[in-house]
Each structure stands twice: as C-alpha cells, then as structure tokens.
Amino acid sequence: MQKLLSVTLATVLTGSLYASDISELESKIDALIEEVETLKVSKTDSRLSSYYGLGDAASRVYKSGEKLSIGGYGHTDYLNNQGVESDTVDNYRAIIYLGYSFSDRIKFQSEIEFEHSNQLAVEFAALDFMINDRLNVRTGNFIIPVGHINLRHEPTLFLNVSRPDTEKHIIPATWHENGLMLYGQYGNFEYQFATTASMDASNGTTVRDMRESASKSAANDFGYSARLTYKPLMGLELTASLFTGQTDQGTQALEGASVTISEAHILYNANNVRFTALYAQTLSSSADKIALFHGTNAASKSNGYYMTLGYAIGQWTPFVHLERYDRFAAGYDATGTQLITDEVTEVVSVGLNFRPHEQIVIKADYMDQETAGVDEDRFSMGIGYIF
C-alpha cells in the first residue's frame, strides 16, 4: 500500500516526467517516509529512557536532538495516618526541567522544583561537555551520584506512593551539590566520579540536616563520590556507590568530623517484573563532638535496606514492599557519652499501580509500619506524571 501511494504521488507531481525520473522521485519519497518513522521512534525513546542513572524525563536534553528541551514531573498525594488525626492531601511536587543544547557535545540541564505549592528550589543546573563514550565532564550544581531514588526520583519510576525512607534518612535524597563530575561507559559498565563541596556538621546531627544543597555551600572541606553500574542483561542493573568527606567545614569544635555513605542496589525491569533491592549504610566520625556541639543525640552509625517487587498485568501492577532501617544503630548523647538505642523501623506495604498512559501513574498502598514498638500504619493514594 505504501509503495502504491508513493508511485501515485510521484505520477501526480511529475506529470510528463520520464519513467526514470518517476523512479528517482519515488525512491526519495520512500526514504523520506522511512526517515519520518525513524524520528517518531527516536522521540519516543528519548522521553522514556535514562541517561547515566538520571530520571527518564530529566534525560530528554541528552537524547532529543532539539536545541531547547522542556520536561518535568509532578505528583499529588493523599496520606491517611491510621488512628491519628493528621491526614493530608498535598500537591507535593511540580517540577520543570529546562535543557539547552549548545551543540551535540555541550548541553545544559536544570531542574526547577516547586514543593507543597509554595516552596521554590533549584535542584540542579549543570553543563555537560560530552567528549566521547568513555569520558564526559559535568560541572555546576548536580545530583550526588549515590543511591537509586536520589537520581531516579520521578514518580513513574518507583511503585510506592512515597519514596522509601531508607533513601531519605540513610541516603539524604534528594541530595545535590556544586562541583565537578567525570562520567563515561566501558562496555557494559557505566561510571561516575565527582568532587563537590562536602556536608556541614554544624547544620545538624543527621546527614539530611548536614546537606548544604548548593546554597552558598561552605567549601573548606570537599566530598568525593563514586558510582559504578553494570548492565549484563537488558533490564538488569547492578550498582554500587560511595560518598566520603570531612564535615567540620572549619568549625574548630567539630574538627575531624567526617561522613561516609555507601550503598548497593539491584534493578530489574523486564518480562513484566519490576524489582528493586537496596542496602545503605552511613558512618559518622566524631559523632561525640557533633552531639556536644548541638546538645542532642547524634548517630555514629545508621543503616537500612528495602525490597520492592511488582508484576505488571496489562495496565495494572500490584506490588509488595519490605523495608527496615535504623537511624540510630550507634551514637552519642548530648553529654558525648556513647550509647545504643533502638530506633529500628520496619515496614511492610502492599499496593497497586494503574497506568492510563505510560507517562502517568495512579497509585495506592497500605503500609504497616512500626518504629521502636510504636505502630505508624498509613493508607496512601497518589497520582504522578512525567513529560
């Protein structure tokens, strides 16, 4: 049919042209049709694939071939805390990605975030100098390449309504900073290595509080992060990452304080199966000094893990999520005395995702949670999107 259409169009357009001319025009039209179909496929792929661990929508500028790239994501959540009168419905995030291609080898990408409808922040804004597959350079404000959700936090990329708490308390996602990164690919391996302004222990006792988030970041101490991903099969990723750095940032009372965060995770997304498993650990040296400085407990060790398994049946994906984390596996009290407390949180969640479109997800889950023997069960619903 396509061949017949090409011939007919060629005949109408050329009138009295010779047969050889018609044949040449027909070939050009066929080539044009094929090119248009290829462009359709490439545009679809650029929307829905990751670039070195970034979210699908965040990766558009690297793949679309357009000068100006606009994307984003957002989600609205309803949380019903069982037995507690503190239910909420929240327009949690509305995100705009703005990217610009100066050339095929120089690209700019940014994330502008509105949280809770009234808080504005720049999550990252960086320039990429793309040299070749094995070596590329990123500079500016970018996401620290540690963890899974920290980089891939778009709501279509995880099954739960809320992000796993292990990547909130053990890995302080979302976590970004100013610095310089090298990244590339060797065969089935992808690597990222970055140096950035480190954390600042004078800001608080937890790694979440210690983040500087690229806002006039103290730079007396620098942090170093490394990430290695192995992709042996389609849909399978094995990743390990690490951050380490001094955190006193010139504060004499905190001299020698440092933080090391390490994690490993597995992703599998093929054959209708979606599986994620992650283990993370944070070690904080000089936690006794930090506790004395702030006059409250400070952890010297925290750890956690989670596993999420879902199976897609058409547009529906039922799932189960297991999680266990300890924000205070070891540490010190306000007097600098070493102590061990039991703040273990255990979570079992079951839920369901519905995809009316590949870029839209409607979620619901019930979470049976217990922290130090206290029940904190919750029912949640949410809707999320990327573009």
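**Figure 1. Aromatic pairs in the predicted model.** This is a predicted model, and the structure holds 12 aromatic pairs. One of them joins Tyr-51 and Tyr-183 in an edge-to-face arrangement. The ring centres of Tyr-51 and Tyr-183 are 5.9 Å apart, with 90 degrees between the planes. Tyr-51 belongs to the loop between α2 (19–47) and α3 (60–63), while Tyr-183 belongs to strand β6 (residues 176–186), so this pair ties together parts that are 132 residues apart in sequence. Tyr-51 counts as buried because its relative accessibility is 9%, and buried means under 20%. Tyr-183 is also buried, at a relative accessible area of 0%.

**Figure 2. A stacked pair formed by Tyr-97 and Phe-124.** The two rings of Tyr-97 and Phe-124 lie 6.2 Å apart, centre to centre, and their planes make an angle of 25 degrees. The pair counts as stacked because planes under 30 degrees apart are placed in that class. Tyr-97 is found in strand β2 (residues 88–101) and Phe-124 in strand β4 (residues 119–130). The pair links distant parts of the chain, 27 residues apart. Tyr-97 is buried, with a relative accessible area of 2%. Phe-124 is buried as well, with a value of 6%.

**Figure 3. An aromatic cluster that includes Tyr-51 and Tyr-183.** Tyr-51, Tyr-52, Tyr-62 and Tyr-183 together make up one aromatic cluster. Among its members are the two partners of the edge-to-face pair, Tyr-51 and Tyr-183.

**Figure 4. Charged side chains over aromatic rings, at Tyr-92 and Phe-158.** The charged end of Arg-93 is placed over the ring of Tyr-92, at 4.1 Å from the ring centre. In the second example, Lys-363 lies over the face of Phe-158, and the distance to the ring centre is 3.9 Å.

**Figure 5. Arg-274, a buried residue with no salt bridge.** Arg-274 is located in strand β11 (residues 273–285). For Arg-274, the nearest side chain of opposite charge is that of Asp-56, 8.0 Å away. The side chain of Arg-274 does reach the backbone oxygen of Leu-157, at 3.2 Å. Leaving aside residues up to four places away in sequence, Arg-274 touches Thr-156, Leu-157, Phe-158 and Leu-159, among others. Its contacts also include Tyr-268, Asn-269, Thr-308, Leu-309, Gly-310 and Arg-355. Phe-158, one of the residues touched by Arg-274, is also the residue whose ring lies under Lys-363.

Technical notes:
Residues are numbered from 1 along each chain as its sequence is written. This is a predicted model: local features need pLDDT of at least 70, side-chain atom pairs count only at pLDDT 80 or more; totals for chains, interfaces and linings use all residues. Side-chain values use heavy atoms; hydrogens and water are left out. Helices (H or I, at least four residues) and strands (E, at least two) are DSSP runs, numbered from the N terminus. Buried means under 20% relative accessible area, exposed over 50%, partly exposed in between (1.4 Å probe, protein chains only). Lys and Arg count as positive and Asp and Glu as negative; His and the chain ends are not counted. A salt bridge is a side-chain nitrogen of Lys or Arg within 4 Å of a carboxyl oxygen of Asp or Glu. A polar contact is a pair of N or O atoms within 3.5 Å; within protein, one must be able to donate a hydrogen and the other to accept it, and residues adjacent in sequence count only if both atoms are side-chain atoms. Contact means heavy atoms within 4.5 Å. Rings of Phe, Tyr and Trp (its six-membered ring) pair if their centres lie within 6.5 Å; planes under 30 degrees apart count as stacked, over 60 as edge-to-face and the rest as tilted. A charge sits over a ring if NZ of Lys or CZ of Arg is within 6 Å of the ring centre and within 35 degrees of the ring normal.
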